[in-house]
Amino acid sequence: MSKTKKKILDASRTLFNKHGYSQVTIRMIAQHIGISSGNLNYHFKIRDSILEELYFEMVAVFDARVANLGKQEITIQSIKSDIVVSMERMVEYRFFWTDLYNLLAQNSKIREHFDQVYSQRLNGYKFLFNYLIDKEIMMNASFSGEHEVLAKLLIDQSNTWIYSSTLYQQQNLNEFDIPNQAYRLMFMLYPYLTKKGKADFISIFPKNS
C-alpha cells in the first residue's frame with residue numbers, strides 16, 4: 001500500500017469517526033491531508049471504495065480470530081481477552097458500528113460479507129459452547145435450540161454495544177470502559193456456566209464491574 005493511500009484511509013477513518021460517514025466528503029478528506037481531490041480520486045474513485053477498504057481492513061482481525069478458533073486452549077480468561085481485543089478494534093472503526101444498518105443497506109459488497117460472517121460467528125459460538133461443556137465450564141442446554149438463541153443474542157449485543165452506549169462519544173477511552181463493556185457482554189454467559197465456570201468468571205472480573 002502506498003503512503004498516500006494509507007494517509008487517505010487513516011484520515012477517512014478519523015473523519016468518519018468524528019462526523020459520521022454520511023457527513024464526510026471526498027473534498028474534506030483531501031483537505032484534511034493536504035492533497036487535491038483529483039489526487040485522492042486517483043486512489044479511490046468514490047467514497048464507497050474508501051468505506052469498503054476500511055471495512056475489510058477492520059474485519060481482517062476478526063476473520064483471523066475465527067480461522068484460529070480451536071487452535072489453542074479456551075478459558076474464561078481467554079474469552080475475555082478476545083472480547084476486549086475485538087471491542088478495541090471496533091472502537092477504532094466506531095463510525096461503522098454507530099451506523100451499522102444504514103451502511104449495510106447502502107453497500108451490497110459489505111452486506112454480503114457481513115451476512116457470511118454472521119453464519120461463521122454462529123458456528124464459532126457452537127464450537128465454543130461445546131468446548132466449554134466438554135471442559136465442564138458450561139452446562140448442557142436445557143432445551144433444544146437454547147444455545148443457538150444465546151449465540152444470536154451475544155452476536156446482536158456485540159454488534160450494537162457501541163451504538164447503545166455513550167462510549168463512542170468519548171475521544172479518549174479510559175482503561176475501565178472496555179473491560180466494563182466486556183463484562184456486560186460476558187455476563188450473558190454467566191447463568192449458563194457450571195459452578196467451576198462461575199468461579200472462573202468471578203475471579204477475572206473486579207467486584208465493582
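These are my notebook entries on one protein chain, taken from a predicted model.

**Overall make-up**

I looked up the secondary structure before anything else. The protein chain has eleven helices and zero strands. Read from the N terminus, the elements run α-α-α-α-α-α-α-α-α-α-α.

I then took the dimensions. The C-alpha trace spans about 60 × 35 × 30 Å along its principal axes.

I checked burial and surface. Of the 209 residues in the chain, 40% are buried. The accessible surface comes to about 12000 Å², and carbon and sulfur atoms hold 50% of that surface.

I went through the charges. There are 25 positive and 21 negative side chains. The centres of the two sets lie 5 Å apart.

**Helix H5**

I picked out H5, which covers residues 76-92 and has 17 residues. From its first C-alpha to its last, H5 reaches 25 Å, close to the 24 Å expected at 1.5 Å a residue.

Which residues of H5 are buried? I noted Ile 76, Ser 78, Ile 79, Lys 80, Ile 83, Val 84, Ser 86, Met 87, Arg 89, Met 90 and Val 91. The list includes the charged residues Lys 80 and Arg 89.

**Aromatic rings**

I looked up the ring pairs next, and the structure holds 16 aromatic pairs. One of them is Tyr 183 with Phe 201, at 6.0 Å centre to centre and 50° between the planes, a tilted pair. Tyr 183 is in helix H10 (residues 177-186) and Phe 201 is in helix H11 (residues 195-204). The two residues are 18 residues apart, and the pair links distant parts of the chain. Both Tyr 183 and Phe 201 are buried.

I compared this with Phe 187 and Tyr 190. Why does that pair count as stacked? The planes of Phe 187 and Tyr 190 are at 5°, with the ring centres 5.5 Å apart, so the pair is stacked; the cut-off for stacked is under 30 degrees.

Last, I followed a group of linked rings. Ring pairs join Tyr 55, Phe 56, Phe 96, Trp 97 and Phe 114 into a cluster.

Terms used. Residues are numbered from 1 along each chain as its sequence is written. This is a predicted model: local features need pLDDT of at least 70, side-chain atom pairs count only at pLDDT 80 or more; totals for chains, interfaces and linings use all residues. Side-chain values use heavy atoms; hydrogens and water are left out. Helices (H or I, at least four residues) and strands (E, at least two) are DSSP runs, numbered from the N terminus. The expected span of a helix is 1.5 Å times one less than its number of residues. Buried means under 20% relative accessible area, exposed over 50%, partly exposed in between (1.4 Å probe, protein chains only). Accessible areas come from the Shrake-Rupley method with a 1.4 Å probe; for residues, only the protein chains shown count as cover. The place of a charge is taken as NZ of Lys, CZ of Arg, CG of Asp or CD of Glu. Rings of Phe, Tyr and Trp (its six-membered ring) pair if their centres lie within 6.5 Å; planes under 30 degrees apart count as stacked, over 60 as edge-to-face and the rest as tilted.
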